[in-house]
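Please look over the sequence and the model before reading on.

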Amino acid sequence: MAVSQTKKLVQKLGPLIGLIVLCVVLAVMSDNFLTVGNLLNVMRQVSINALIAFGMTFVILSGGIDLSVGAILALSGAVTAGLMASGTDPVLATFAGLACGTLMGAFNGLAITKGRLAPFIVTLATMTIFRGLALVYTGGRPVTGLNSDFFFMLGNGYLGALVPMPVITMFIAFGVLWFILKRTAFGRHVYAVGGNEEASRISGVRVDRVKIMIYATSGFLAALAGLILTSRLNSAQPTAGTGYELDAIAAVVLGGTSLAGGRGWIVGTLIGALLIGVLNNGLNLLEVSSFYQQVIKGAVILLAVLLDRRQGR
C-alpha cells in the first residue's frame, strides 16, 4: 500500500521534478537564465499560454478537446481593438471582447451537446470559422490606434514596478479556477463527466449544461489571453494565436491531466506551462535553431502522452 501511494505521489510530482531539473540544467549552461530580467520575461511569456491552458484543463478533464482557442484569442482581440479604434470606451470594449470569447466558447458547447458531435470535429470547424471572421473583421490587416492607459496596463503594466500585470492576472485566474475545481459542485461535475458521462447523467448531473459552461470558460480565458496579447503588441493581429491550441494542450498533458478525461489537476497545468516556457527560453538562450526547437518540443509532448498512456493502464 505504501509503495503504491509513493508511486502515485512521484507520478503527480513528476512535472514539478522535471521543471526543477530543467531549471538547474539551464542555470549551469547559461549565465543569463537566473537573472531577474530573464525570469520575469519567462513568466510574462508563460502567462498567455497558461491562461489558455487553464481553460483547456476544464475541457480535457471533461473528456473533450478545444482546437478553436487560438482563433477565439485572435477574434476577441480584434473586436476589442476595433471598438477602441472607433472611439468606444476602453473598459466597455474590454468587456465586449471577453463577452465575445465567452459566447464563442458557449457556441462550441452547444454544437457539441445539442448537435451530438465530437468535440474535435466541432472545434476544428469553428477554428476555421472564427479565424475567417477575424480576417473579415480586420480586412486582413492589423488594428492599431489603441491609445488607452487602462488597456496598456493589461499587457505592459507592473505591480510595484516589478511584477508584470499579465503574471498577476495569471495567478488570480489560477486561484479562482483551482477553487472552482476543488471546492464547488461544478468542479466535481467536471471530473464526473470526464470519468463516466453516462453514469453522471444517471446520477442527476446536467451533463449538457456542464459541458456548455466548460467550453464557455475556455472561450473566456482564451479571450482574456487575447486581450493581454493585444495590449502587449499595442495592436490586434488577425493571425494572432496560430498554433496556441497545441501549446495549451501540451501544457495540460505535461501537467499530468489525462487525455481520456476525469483525471488531472490545474496545478499540474501551471507547471506544464512553466515547463514549456522555460524550455523555449532556455533553447533561445543556448541559441538553438528554431527548427530544432520544434523537434525538441514535439519529442517532449510525445513523451508526455506516452507516460499518460502508461499511467492510464
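Is Phe58 buried or exposed? Phe58 is buried, because its relative accessible area is 1%, where buried means under 20% relative accessible area, exposed over 50% and partly exposed in between (1.4 Å probe, protein chains only).

The model is predicted, so local features need pLDDT of at least 70 and side-chain atom pairs count only at pLDDT 80 or more, while totals for chains, interfaces and linings use all residues. Residues are numbered from 1 along each chain as its sequence is written, and side-chain values use heavy atoms, with hydrogens and water left out.

**Aromatic pairs**

Two aromatic pairs are counted; rings of Phe, Tyr and Trp (its six-membered ring) pair if their centres lie within 6.5 Å, and planes under 30 degrees apart count as stacked, over 60 as edge-to-face and the rest as tilted.

| Pair | Distance between ring centres | Angle between planes | Class |
|---|---|---|---|
| Phe54 and Phe174 | 5.9 Å | 45° | tilted |
| Phe58 and Phe186 | 6.3 Å | 20° | stacked |

Phe54 in helix H2 and Phe174 in helix H7 are 120 residues apart, and their pair links distant parts of the chain. Helices here are DSSP runs (H or I, at least four residues), numbered from the N terminus. Phe54 is buried at a relative accessible area of 0%, and Phe174 is buried at 16%. Distant parts of the chain are also linked by Phe58 in helix H2 and Phe186 in helix H8 (residues 185-195), which are 128 residues apart. Phe186 is buried, with a relative accessible area of 16%.

**Helix H2 against helix H7**

The axes of helix H2 (residues 36-61) and helix H7 (residues 165-183) come within 8 Å and cross at roughly 20°. Axes are lines fitted to C-alpha atoms, for helices over the stretch in contact, and angles run from 0 to 180 degrees between N-to-C directions. H2 is therefore roughly parallel to H7, given that angles under 35 degrees count as roughly parallel, over 145 as roughly antiparallel, 65 to 115 as roughly perpendicular and the rest as oblique. Among the residues that meet are Met43, Ala50, Phe54 and Phe58 in H2 and Val167, Met170, Phe174 and Leu181 in H7. The residues of this contact of H2 with H7 comprise 16 nonpolar, two polar and one charged; Ala, Val, Leu, Ile, Met, Phe, Trp, Tyr, Cys and Pro count as nonpolar, Asp, Glu, Lys and Arg as charged, and the others, Gly among them, as polar.

**Helix H3 against helix H4**

Helix H3 (residues 69-85) and helix H4 (residues 90-114) pack at an angle of about 150°, their axes being 8 Å apart. This makes H3 roughly antiparallel to H4. H3 contributes residues including Leu75, Ser76 and Val79, and H4 contributes residues including Ala93, Gly97 and Asn108. By class, the contact of H3 with H4 has 10 nonpolar, seven polar and no charged residues.

**Two threonines**

Thr123 lies in helix H5 (residues 119-138) and counts as buried, at 0% relative accessibility. Apart from neighbours within four places in sequence, Thr123 is in contact (heavy atoms within 4.5 Å) with Ile65, Asp66, Leu67, Ser68, Asn108 and Tyr215.

Thr144 is placed in the loop between H5 and helix H6 (149-156). Leaving aside neighbours within four places in sequence, Thr144 is in contact with Ala85, Asn234 and Ser235. The C-alpha atoms of Thr144 and Thr230 are separated by 9.6 Å, and the two residues are 86 residues apart along the chain.
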